Amino acid sequence: MLKKIWNDPVGSKVISWVIIGVLTLIGVGIKSSYDEKSYYETFVWLMTFPIPVYFLLVSITLLLLLRHWFKRKKQFYNAKQRKLRQFNCSDDPEQNIRTEWTVYFGMNGKPYISDLEFFCLEHGEAPIRLFGNRCSHVGCKNSILKFNEFELKNYFESLVLNEWNKLNK
Ligand SMILES: [Zn+2]
């Protein structure tokens, strides 16, 4: 729950300010008892305290680093895996077919592809998803298409594996 709010761009700012606020109030409390002054006096002293610029810069940097670290921890895939996952589609200019897939990683750490989808690129801007391995547009050259999905899956998975090997060289 806290992580969810933290990862929310607005929520994380609110949390940051709440943390800063609470720490400030605690700090004022400690300082006032240490100096044997009233809480209010110490608060005014702090508010009018000239803060060195480097202190501000260091605090902001630390906060940003902390956030960055939190975000990094959230990532499920490591950098190489994320890079490989971007290789998720391929166009066949001859047949005018686009293949899309998702890259996953098995228990053995090796990538495999799933969720294969094929699109016909013959129809202007929006690629039309093939239905039953063929384009549903009447008269389209890909409407009489016949291909073996398992063969294609194996083919594209081989390309993905090859990319993975290159990334890990
Ligand atoms: Zn078509």
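How many bridges join β2 to β3, and in which sense do the two strands run? Eight bridges join β2 to β3, and the strands run antiparallel. The legends below place this pair in its setting. The structure is a predicted model, in which local features need pLDDT of at least 70 and side-chain atom pairs count only at pLDDT 80 or more, while totals for chains, interfaces and linings use all residues. Residues are numbered from 1 along each chain as its sequence is written.

**Figure 1. Overall arrangement of the protein in two domains.** Domain 1 covers residues 2-74 and domain 2 covers residues 79-167, with bounds that come from an automatic or database domain assignment. The centres of the two domains, taken over C-alpha atoms, are separated by 49 Å. The C-alpha trace spans about 90 × 40 × 30 Å along its principal axes. The radius of gyration is 28 Å, whereas a compact globule of 169 residues would have one near 15 Å; the radius is taken over C-alpha atoms, and the globule rule is 2.2 Å times the number of residues to the power 0.38. The protein contains six helices and four strands, in the sequence pattern α-α-α-α-α-β-β-β-β-α. These elements are DSSP runs numbered from the N terminus (helices: H or I, at least four residues; strands: E, at least two).

Figure 2. None of the 27 residues of α2 is buried. A residue is buried if 20 or more other C-beta atoms, placed from the backbone, lie within 10 Å of its own, exposed if 12 or fewer do, and partly exposed in between. By this criterion, 8% of the 169 residues of the protein count as buried. E36 follows α2 and has a positive phi, near 55°.

**Figure 3. The open sheet of four strands.** The strands follow the order β1-β2-β3-β4 with antiparallel pairing. Strands β1 (89-92) and β4 (128-129) stand at the edges, each with a single partner strand, so one side of each is left without a neighbour in the sheet. Two strands are taken to pair if DSSP finds at least two bridges between them. Four bridges link β1 and β2 (residues 97-105) in the antiparallel sense; D92 stands opposite I97, and D91 opposite R98.

**Figure 4. The two hairpins of the sheet.** Four residues lie between β1 and β2, and N96 in this turn has a positive phi of about 60°. Five residues lie between β2 and β3, where G109 in the turn has a positive phi of about 85°. Across the latter pair, T102 stands opposite S114 in β3.

Figure 5. V103 is placed in strand β2 and counts as buried because 22 C-beta neighbours lie inside 10 Å. Q86 is 17 residues from V103 in sequence and 8.3 Å away in space, C-alpha to C-alpha.
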